[in-house]
Amino acid sequence: HRAKFNVGFYNSLVGLGREPGAVELDAFEVLNGVGADGVQHGAGPGALDNFWRSVENLTTAPGRNIYYFVSQASPLRKVHIRGQLRLSGPVGGGIYDWGYASGGFTADSKIDGGVEFGGQQQYCTRNAEIGDEAAYKHGAWSNVLIGSKGMYKSEAGQLAKETVIEHTERIAEKPYIMFEECENKYYLMIPRPEVGKRGVSWERYSNDIERVDFENVYVAEEGASSAAVINAKLAEGKHIVLTPGIYKISEPIIIGRSNAVILGLGLATVQPADDAPYMDSLIFVKDGLKGVRIASLMVQGGEAGSNSLIKWGTQTPRFGAHTHQVDQRPGYLYDIFCRIGGDRDASMPEVRTDKMVLINSSNVVGDNLWLWRADHEMPDNVGVKDSRHKVINALEVNGDNVTMYGLFAEHTLGHQTVWNGENGKTFFYQCELPYDVTQQNFGDQGYAGYVVADHVQAHALHGGGVYSFFRDHDVRAQCAFRVPEGRSGITLQNIFTVFLNGNGGINHILNGHGEECSSESQGRPHYLSDLSVAQA
């Protein structure tokens with residue numbers, strides 16, 4: 001199809017073939033703040049506000065460069081770009097010589113002409129392949145390449161560091177929908193788990209995918225499909241596809257069987273109904289299940305509050321009974337975007353939750369999560385003030401062997417991420433501390449961007465940044481990362497801090513180690529490179 005698509009807010013551009021080559025377009029683009037020449041005219045806000053969209057399972061025209069200037073919650077999955085992928089545009093001058101962009105995510109994709117990260121503050125690339133003569137280039141601070149083929153090209157004097165992980169330890173690619181034209185039927189496609197993956201696999205294994213007839217899929221619709229209806233369909237053994245819309249629920253969606261799939265389309269949104277009571281969680285996965293997959297959802301807090309938006313299990317490993325045994329049928333979270341506030345102005349009641357995602361079970365894999373407490377509100381982009389829209393933690397992990405590929409956590413009022421389980425692994429982490437807190441309710445409490453509990457013996461974090469923008473008050477955070485020392489099983493690679501703007505700063509990178517970040521080094525990363533905490 002000789003068509004070019006501008007991918008807007010809450011839009012998903014998705015091919016319906018078995019693999020990307022079945023659907024070919026001329027191009028897709030996101031050019032907010034960018035001219036037709038692909039040049040971003042002025043650094044700010046640039047792509048900083050380009051959220052909540054996606055492109056999946058298609059191919060673009062040969063030699064066509066793709067301008068996809070986005071930030072969080074805008075994944076590219078299973079695409080074949082037969083030119084160069086450009087993720088931000090040049091502007092000239094300023095700190096980076098590029099327009100601002102605050103990170104993104106690409107997975108299971110081929111980009112023949114390589115990737116120009118440009119001014120992307122940080123970017124996560126999992127299982128990509130680029131052409132033999134191409135390269136991954138630039139980026140402002142951090143580029144994390146996981147299980148990807150091709151070389152990152154460093155240039156003299158650049159601030160960015162690359163974190164290269166040769167293989168993706170374990171992953172099953174995200175479920176998707178295929179239309180079989182010869183049968184005039186739709187199928188839900190469920191890729192099988194892979195270990196040690198490098199590059200894409202759809203060229204090799206496109207036939208080795210579980211294919212589910214839509215007779216076994218319930219297609220939910222906004223307004224017509226309550227949580228009770230969805231739960232009943234899950235209990236019948238059906239998978240769930242949520243068509244685009246806002247699903248206002250008065251009771252949790254409960255997954256009670258192994259291998260169940262919930263797949264959202266067009267950024268389907270789950271949130272409490274206006275009159276909903278307090279709920280322990282909005283989406284709950286029962287204990288002891290294997291192979292559950294939840295994908296492509298926006299999940300929002302409500303006025304009555306909740307303990308968490310997504311809760312996976314209730315039983316946590318007993319202290320001293322942790323296991324490093326990795327299950328080959330883990331559960332998966334893909335493209336999960338949690339939001340507390342931001343869609344309402346200051347005259348409306350606030351929304352709240354204690355935690356956005358709570359993982360109590362072991363063996364869960366996350367693949368691109370943005371957990372965001374709003375820093376600004378509609379309709380006029382006014383800043384959220386005085387700890388409005390209360391949420392304590394973005395992510396709490398109590399289970400063992402939990403892995404995150406591409407974790408973004410921002411602005412919560414306590415520790416952003418808390419990890420209590422053993423053998424946890426995070427590949428790429430991006431975090432902004434809250435804008436509107438005070439020294440008394442944040443800095444003096446010792447809150448940090450990423451916290452591993454004192455009892456944990458084994459943990460790994462590869463490529464993680466925590467940023468300071470204390471907009472409203474002079475706040476000094478004690479450290480960005482808080483991790484037990486003297487443990488040979490805890491490894492940190494390329495962790496750093498950046499002072500973005502505002503007041504105060506962060507005293508140390510890790511515990512009491514590393515440089516201060518403050519206004520004197522605005523926009524420049526402070527790194528602690530490869531470090532086993534036994535050496536700290």
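Tutor: Let's begin with charges: Lys and Arg count as positive and Asp and Glu as negative, while His and the chain ends are not counted. Each charge is placed at NZ of Lys, CZ of Arg, CG of Asp or CD of Glu. Our model is predicted, so to speak of local features we need pLDDT of at least 70 and for side-chain atom pairs 80 or more, whereas totals for chains, interfaces and linings use all residues. Residues are numbered from 1 along each chain as its sequence is written, and side-chain values use heavy atoms, without hydrogens and water.

Student: How far apart are the mean positions of the positive and negative charges of the protein?

Tutor: The protein has 47 positive and 63 negative charges. Their mean positions are separated by 4 Å.

Student: Which strands stand at the edges of the open five-stranded sheet?

Tutor: Strands pair if DSSP finds at least two bridges between them. The parallel order is β6-β8-β10-β12-β14. One side is left without a neighbour in the sheet where a strand has a single partner, so the edge strands are β6 (66-67) and β14 (152-153).

Student: Which residue of β12 is the bridge partner of Glu-116?

Tutor: Strands β10 (residues 115-116) and β12 (residues 136-137) run parallel and are joined by two bridges. The partner of Glu-116 is Lys-137.

Student: Is Thr-426 buried or exposed?

Tutor: Thr-426 lies in strand β38 (residues 424-432). Beyond four places in sequence, its contacts (heavy atoms within 4.5 Å) include Trp-419, Tyr-450 and His-462. Buried means under 20% relative accessible area and exposed over 50%, with partly exposed in between (1.4 Å probe, protein chains only). At 0%, Thr-426 is buried.

Student: Which residue in the turn between β17 and β18 has a positive phi?

Tutor: Strand β17 (residues 176-180) pairs with β18 (residues 185-191) in the antiparallel sense over five bridges, and Met-178 stands opposite Tyr-187. Four residues lie between the strands of this hairpin, and the one with a phi of about 55° is Asn-184.
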